[in-house]
Amino acid sequence: MATHPPAPPSSASPANVLSGHGASPFRRTATALFDRLLPGRRVRRAFRVQAEHCDKMGSPFTALLCRLAAHRLDAGAAVGATVLGWPSHPGNDALPLRFAGALHALVLSGRAPALAGLYPPHPLPRPDQLWSAVLATMAAETDFIQRTLRSPPQTNEVGRSAILLGGFLAIAAATRLPFVLSEIGASAGLNMFWDRFAYDLGGTKWGDGASPVRLAPRWTGKLPPLDAPVEVAARAGCDLNRLNAADPKDRLRLLSYVWADQPERIARLRAALDLAGADPPDIAAADAADWLESRLGQQTEATVHVVYHTIVWQYLPAATRARLTDSIQARGRAATRTRPLAWLRFEADGKAPGGALTLTLWPGGATRTLARADYHGSWVDWAG
Ligand SMILES: C[S@@+](CC[C@H](N)C(=O)[O-])C[C@H]1O[C@@H](n2cnc3c(N)ncnc32)[C@H](O)[C@@H]1O
């Protein structure tokens with residue numbers, strides 16, 4: 001299984017849009033037929049769809065890059081041939097993000113100075129100018145780009161802590177117990193440090209005001225219970241492909257998949273990587289279901305065990321989801337008031353806008369949608 005199958009909403013569109021789910025059965029069949037007859041057609045479409053999402057999510061530069069690739073990639077050169085001849089589903093494989101990430105990595109690492117001269121923070125370049133620099137870079141860095149295309153994008157969006165925060169506060173208010181935190185799909189573990197960041201929720205502050213990581217989402221609706229007593233007794237996470245915030249290669253990897261014209265996200269990511277690099281989080285290199293089954297057995301009295309995840313569920317095979325759900329529910333049935341369990345998750349739910357922050361709390365097992373929020377945490381609409 002690819003670690004990142006569908007185009008991640010972390011920096012892209014929901015997979016069902018890219019894969020054409022939601023269209024009529026007739027349209028889907030016709031589309032599949034044309035795709036077979038005209039190789040490269042669905043790749044170009046995936047780039048166009050990605051461009052639309054970049055427009056909507058505030059990345060005109062990446063939108064331009066994807067549109068240019070959609071129209072001008074040609075199979076005469078090695079990279080063009082690889083991209084246009086992509087053997088599996090380009091949308092599900094987040095191919096446009098792989099392509100944009102490869103170029104951004106070259107820019108960030110100083111290997112493509114001519115291209116860097118056209119990248120943000122420079123003004124949006126003329127399309128012809130950008131495409132000639134992209135062509136030159138593809139020719140000069142064919143091996144690097146081909147290698148990068150082969151691996152799925154990996155992100156760790158620290159803005160999601162601003163979405164989770166309200167959920168953690170709701171759990172603290174309801175249980176008044178210290179937390180044992182378990183994050184599945186933690187990537188580099190940046191959202192394991194959610195309680196060390198500075199928050200500004202529509203003018204109201206929470207957290208460590210001196211933190212270099214500052215999160216200020218546009219907040220609508222009421223505020224979560226900001227005075228709830230938050231204490232973290234233990235924290236750990238797991239990821240099939242854990243990244244090390246202190247490793248330059250892993251840092252470049254994470255930075256390269258942030259869109260180049262979103263400097264505030266890049267700065268925030270760098271600050272969070274520095275924080276995690278200096279105090280490495282405890283992340284097991286493990287499958288979520290295996291790891292959680294064993295961790296759920298370890299809880300001590302007088303703590304609330306909080307299992308949480310953000311934009312992970314869509315990447316898990318059905319069998320893994322079922323195992324996770326079963327083990328969480330089994331532990332939930334054994335929960336007591338002094339040994340409660342919380343399941344907090346921010347995931348795509350097929351609705352719009354954004355994704356849903358959902359909380360299930362045991363004993364009782366009541367489930368509530370606490371908020372809807374943008375995938376990068378730029379806005380939160382709190383329903384509490
Ligand atoms: C889109 S990223 C989200 C990362 C992080 N939760 C965030 O919101 O920034 C999905 C993460 O899930 C991890 N993942 C995918 N399948 C997994 C599995 N079976 N067990 C553990 N982690 C997995 C990936 O390696 C990746 O780091």
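Guide: Gladly! Let us begin with Ala94, which is buried, having 29 other C-beta atoms within 10 Å. This is a predicted model, in which local features need pLDDT of at least 70 and side-chain atom pairs count only at pLDDT 80 or more, while totals for chains, interfaces and linings use all residues. Residues are numbered from 1 along each chain as its sequence is written.

Visitor: Why is Ala94 called buried?

Guide: A residue is buried if 20 or more other C-beta atoms lie within 10 Å of its own, exposed if 12 or fewer, and partly exposed in between, with C-beta atoms placed from the backbone. Ala94 has 29, so it is buried. Ala94 also has a positive phi of about 55° although it is not a glycine. Most residues other than glycine have a negative phi.

Visitor: What makes Ile311 count as buried or exposed?

Guide: Its count is 21 other C-beta atoms within 10 Å, so Ile311 is buried. Ile311 has a positive phi too, about 45°.

Visitor: And what makes Leu181 buried?

Guide: Leu181 has 23 C-beta neighbours inside 10 Å, so it counts as buried. Leaving aside neighbours within four places in sequence, Leu181 is in contact with Met192, Val232, Ala234, Arg235 and Val306. Two residues are in contact if their C-beta atoms, placed from the backbone, lie within 7 Å. Leu181 and Arg235 are 54 residues apart in sequence, yet 4.5 Å apart in space, C-alpha to C-alpha.

Visitor: Why is H4 called roughly perpendicular to H8?

Guide: The axes of helix H4 (residues 60-72) and helix H8 (residues 127-140) come within 10 Å and cross at roughly 75°. That makes H4 roughly perpendicular to H8, because angles of 65 to 115 degrees carry that label, under 35 being roughly parallel, over 145 roughly antiparallel and the rest oblique. Here axes are lines fitted to C-alpha atoms, for helices over the stretch in contact, and angles run from 0 to 180 degrees between N-to-C directions. Helices (H or I, at least four residues) are DSSP runs, numbered from the N terminus.

Visitor: How do you know that the radius of gyration agrees with a compact globule?

Guide: The radius is taken over C-alpha atoms, and the globule rule is 2.2 Å times the number of residues to the power 0.38. With 384 residues the rule gives a value near 21 Å, and the chain has 21 Å, so the two agree.

Terms used:
Helices (H or I, at least four residues) and strands (E, at least two) are DSSP runs, numbered from the N terminus.
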